[in-house]
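Subject: Structure handover

Hello,

Please find the structure below. My notes on it follow.

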Amino acid sequence: MTLESATQLSNSARTAISSTNHRMTPQRAALLEIIQQADGHLDAEEIHSLARQRGERISLSTVYRTLDLLKALGLVDELHLWDEHHHYESRSPRQ
């Protein structure tokens with residue numbers, strides 16, 4: 001993902017989140033950034049681990065709730081690669 005497309009997605013995310021009467025919290029911003037910067041798809045546990053490595057104080061349940069919100073807003077895609085294991089990746093902004 002290029003810097004320009006990451007910026008577009010970040011701006012789209014802020015607009016989408018605020019339009020649903022949610023706030024762009026530091027945790028949501030951090031998780032979205034982690035997903036945007038990933039070279040592929042990550043599962044919730046990997047996202048949580050990366051957030052903790054960055055020093056974020058965030059619970060795994062917050063990661064799941066945030067992923068549900070981002071998915072509902074069309075900002076991330078949920079992939080079902082095998083069985084019940086879900087992976088997430090940033091949805092590319094529309095051109």
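Helices α2 and α4 are roughly perpendicular to each other (65 to 115 degrees; under 35 counts as roughly parallel, over 145 as roughly antiparallel, the rest as oblique). The axes of α2 (residues 26–37) and α4 (residues 60–72) cross at roughly 70° and come within 10 Å. Axes here are lines fitted to C-alpha atoms, for helices over the stretch in contact, with angles from 0 to 180 degrees between N-to-C directions.

Which residues in α2 and α4 meet? From α2 come R28, L31, L32 and I35; from α4 come T62, V63, T66, L67, L69 and L70. Contact means heavy atoms within 4.5 Å. By class, this contact of α2 with α4 has 7 nonpolar, 2 polar and 1 charged residues. Nonpolar covers Ala, Val, Leu, Ile, Met, Phe, Trp, Tyr, Cys and Pro; charged covers Asp, Glu, Lys and Arg; the others, Gly among them, are polar.

A word on the source. This is a predicted model, with residues numbered from 1 along each chain as its sequence is written. Local features need pLDDT of at least 70, side-chain atom pairs count only at pLDDT 80 or more, and totals for chains, interfaces and linings use all residues, while side-chain values use heavy atoms, with hydrogens and water left out.

Confidence next. pLDDT is the predictor's confidence in each residue, from 0 to 100. The protein chain averages 80, and 82% of the residues score at least 70. Helix α3 (residues 44–53) has the highest confidence, at a mean of 95. Helix α1 (residues 3–19) has the lowest, at 64. Over residues 1–6, pLDDT stays under 50. The model has 6 contacts beyond four places in sequence for that stretch.

Now the overall layout. The protein chain has 4 helices and 2 strands. From the N terminus on, the elements run α-α-α-α-β-β. These are DSSP runs numbered from the N terminus: helices are H or I, at least four residues, and strands are E, at least two. Of the 95 residues, 35% count as buried (under 20% relative accessible area; exposed is over 50%, partly exposed in between; 1.4 Å probe, protein chains only). Among contacts with a separation of 6 or more, 48% join residues 24 or more positions apart.

The largest nonpolar core has 18 residues. Such a core is a set of buried Ala, Val, Leu, Ile, Met, Phe, Trp, Tyr and Cys residues joined through side-chain atoms within 4.5 Å. L31, I35, I47, V63, L67, L70 and L75 have the most contacts inside this core. Elements giving two or more residues to the core are α1, α2, α3 and α4. α2 gives the most, with 4 residues.

Some individual residues, leaving aside neighbours up to four places away in sequence for the contacts:

- L70 is in helix α4. L70 is buried, at a relative accessible area of 1%. L70 touches I17, L32, I35, L75 and V76.
- V63 is in contact with L31, A44, I47, H48 and I58.
- H48 is in helix α3. H48 is buried, at 19% relative accessible area. H48 touches I58, S59, L60 and V63.
- T20 lies in the loop between α1 and α2. T20 is partly exposed, at 30% relative accessible area. T20 and L69 are 49 residues apart in sequence and 9.9 Å apart in space, C-alpha to C-alpha.

Best wishes
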